[in-house]
Amino acid sequence: MPAAPPLTDFEAQLVALRPYLMRFARLQLRNETWAEDAVSETLLAALARPQAFAGRAQLKTWLVGILKHKIIDGLRQRGREVCSDGVSRDDDEDPLSSMAFKADGHFAELPADWGDPEQDLDNRQFLAVLEACAERLPPAQGRLFLMREWLELSSEDICKELDLTPTNLYVQLHRARLRLRACLEIHWFAGKPVT
Amino acid sequence: MMPYMPLKRTCREVTALVIAREDRALPWRERLALRLHMAMCAACPRFERQVLTMRRAMGAWRNYTLEADADEPPAQDRADARDARDARDAPTR
């Protein structure tokens, strides 16, 4: 039986970056099979066109760029499924109602002063908590939120790709952002670890 | 006394507008109402600063995750987060 040919240097580098790519694919897609598909397609595309990488500064940056395109393709193909699963669970509560408002619509207490953000933005642990909080969003909300914040798509493009009404999108993003705010408040600004 | 104040918004409404602004352009009337409310409210500007911090934090996260030292999943950092936070909050003696 002939031995498998040894990996080229380029192939070995790609294989080594697979876990890194899976982390983002999982975070964005919230589905193991979808994530595996997107990452496999990314690595295959990179293997097929190694010359496209020549001269680029960072292999990682190049791969993430390809991954984002593969993920957008995957999201488009899955269409309604992307934002329909878990909707009933996602819908059960408006996070605004968890904030303290008086009957007349005014804040019952001052929102916390989060202090000097510069200090936090440079902090690895803060960014880790931020990512953990995004990971804890309900699946459909998390996908839509990261389409805005990681894929950096416009709201119009998200509606178009997923055949979603703007109202529906804005409700989900509103909830995702308030959940994220609450999570950061509890797990970072009030000093409790994410479990 | 004005029986109808088309530009008056409650904190709850302003909070929703501040969040909505992250994902869509607000109509001019809402932008104006927002500014008027911010000028005379102590609570909403704080909420607005939180939302701006989150916006910048997501940008910092995007850049950080492409850096060379961002290979490890941040899960490993979580246990350290509290220590870091405690250290930051420790009173200076």
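Buried means under 20% relative accessible area, a cut-off to keep in mind for these close-ups of a predicted model.

**View 1. B:Cys11, a buried cysteine without a partner.** At a relative accessible area of 2%, B:Cys11 falls under the cut-off, so this residue counts as buried. B:Cys11 takes part in no disulfide. Its nearest cysteine sulfur belongs to B:Cys44 and sits 3.7 Å away.

**View 2. A:Cys133 and A:Cys183, joined by a disulfide.** A disulfide is a covalent bond linking the sulfur atoms of two cysteines. Here, the sulfur atoms of A:Cys133 and A:Cys183 are 2.1 Å apart. Counting over all chains, the structure holds one disulfide. The pair ties together distant parts of the chain, 50 residues apart: A:Cys133 lies in helix H8 of chain A, and A:Cys183 in helix H11 of chain A.

**View 3. A:Arg177 and its contacts in two chains.** You'll find A:Arg177 in helix H11 (residues 166-189) of chain A. A:Arg177 has a relative accessible area of 5%, so it's buried. Leaving out residues up to four places away in sequence, A:Arg177 touches A:Phe145, A:Arg148 and A:Glu149, along with B:Ile19, B:Glu22, B:Asp23 and B:Met54.

Definitions and conventions: Residues are numbered from 1 along each chain as its sequence is written. Chains are lettered from A and ligands numbered from 1 in the order in which they are written. This is a predicted model: local features need pLDDT of at least 70, side-chain atom pairs count only at pLDDT 80 or more; totals for chains, interfaces and linings use all residues. Side-chain values use heavy atoms; hydrogens and water are left out. Helices (H or I, at least four residues) and strands (E, at least two) are DSSP runs, numbered from the N terminus. Buried means under 20% relative accessible area, exposed over 50%, partly exposed in between (1.4 Å probe, protein chains only). Contact means heavy atoms within 4.5 Å. A disulfide is a pair of cysteine sulfur atoms within 2.5 Å.
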